[in-house]
Amino acid sequence: MLTLVALVSLFIFSALLLQKWSAPKTMDKIPGNLGWPIVGESFSFLSSFSNPAGIFSFMHDRQQRYGKVFKSYVLGRFTVFMTGREAGKILLTGKDGLVSLNLFYTGKQVLGPTSLLQQTGEAHKRLRRLIGEPLSMDGLKKYFPFINSLAVEILDQWCGRRVLVLEEASTFTLKVIGHMIMSLEPSGEDQEKFRGNFKIISSCFASLPFKIPGTAFYRGIKARDRMYAMFDSTIAQRRNGEGLQQDFLGSLLKKHSKENSEGADDDNKLTDKQLKDNILTLLVAGHDTTTAALTWLIKFLGENPAALERLREEHQKIQSSREDGSSLTWSEVNNMPYTLKVINETLRRATILPWFSRKAAQDFDIDGYKIEKGWSVNLDVVSIHHDPEMFPNPEKFDPSRFDEPIKPFSFLGFGSGPRMCPGINLAKLEICVFIHHLVCRYKWSPLEKEDSVQPTLVRMPKNKYPIVVESL
């Protein structure tokens, strides 16, 4: 027993020494609390994900105690948290190479070293240019008929049913991405494998970084490997002239791919490793955020009948303008001004990405504090989106806030600066199409009132927002 006590005491003493030795001296001047040895405030940080307010509860509690800038130690990192439009401008524009994106260890390992999210400077600009063309409005136009027909197909099954909106939104967005990237059919064995592996990958990003059998991180790595095997098989088939398709992968292979995945640099080509890492990156970035946004939007509309009625009027007017009873057209989906305001207000109110994490690439000052190269710096987006000076009565869902232009860096629904969401056009397209058919056909009622969120990096309703649906 004494031996055990001695060992525990030695461990705690060693941990204290380790933390004291590891903490940057200059961080002493920044208010805050580094928490327990080794783990810091990681448990409080992770537990806040399940709070109805999400990560905002962690931020807000400490902002009340320490101010707009405070330090902490979470998930193995000495971190500075901050908020405000000026902080957003500095951290998101990355002016003069001040900061770079700062993924957690799990994200780095799963997405791979050549992911767009891990590139900086000219390498990031080059990669964004190469993968950005298929996500432009012109590039998305050819996928519109599929997105439109899939939305109708899914909503055909809703009438008179109990629906878990989050599950249905996930199915919709994942099938859209699967089709766009690899021409996967909406149903079938490949689609199910694709969806199954992706859901495991998606669930591992907020896990502890232990690559041990049975852990979420381990399962995520294995699912990633299976997904890459699918990519390898498809790439090989395409190069052999089998199953050629005009999809995202086909576009990248035609324009940018190399025969040798580890060949010399070429500004207009991608290696196979870059292809796979960035296809997975687009999957992760495009699925979770759009799924969450669509779910929150339907929830907020159900809770705000005036906004729903005005939105329905916009879409019924579009529908009634068609003399032949045809379906939604490309020109119509690009002329939905109130719908875009509803999307923006949803992203403000829900703030599905509650913070942006950056790494200082050089020393700089912000709000009177010195930030040193290598420090993790997190921008609290929830506080920016709920600033009563910018958004009076911030808890109210009010799309009219966007009737006039918003001041720069006060709305960050799609990010800002050089790392602004590359899938912004796709997300808006998917939501506009789905919402058009939903509000023109159905009314819905929630089956339970629950404001808790899932313990994931992207904020989603914990109960998946169950509703009962009726025809208009």
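Reader: In which loop does Phe 409 lie?
Author: This is a predicted model, in which local features need pLDDT of at least 70, side-chain atom pairs count only at pLDDT 80 or more, and totals for chains, interfaces and linings use all residues. Residues are numbered from 1 along each chain as its sequence is written, and side-chain values use heavy atoms, with hydrogens and water left out. Helices (H or I, at least four residues) and strands (E, at least two) are DSSP runs numbered from the N terminus. Phe 409 lies in the loop between α17 and α18.

Reader: What is the phi of Asn 393?
Author: Most residues other than glycine have a negative phi. Asn 393 is placed in the loop between α17 (381-385) and α18 (424-441). Its phi is positive, near 50 degrees.

Reader: Why does His 287 count as buried?
Author: His 287 lies in helix α13. Residues up to four places away in sequence aside, it touches Ser 170, Thr 173, Leu 174, Ile 177, Phe 198 and Leu 282, where contact means heavy atoms within 4.5 Å. His 287 counts as buried because its relative accessibility is 5%.

Reader: At what angle do helix α10 and helix α11 pack?
Author: Packed helices are described by the angle and the distance between their axes. Axes are lines fitted to C-alpha atoms, for helices over the stretch in contact, and angles run from 0 to 180 degrees between N-to-C directions. The axes of α10 (residues 189-202) and α11 (residues 216-239) are 8 Å apart, and the angle is about 145 degrees.

Reader: How many residues of the contact of α10 with α11 are charged?
Author: Among the residues that meet are Asp 190 and Lys 193 in α10, with Arg 219 and Met 227 in α11. Ala, Val, Leu, Ile, Met, Phe, Trp, Tyr, Cys and Pro count as nonpolar, Asp, Glu, Lys and Arg as charged, and the others, Gly among them, as polar. Seven residues of this contact are nonpolar and two polar, while the charged ones number five.

Methods. Buried means under 20% relative accessible area, exposed over 50%, partly exposed in between (1.4 Å probe, protein chains only).
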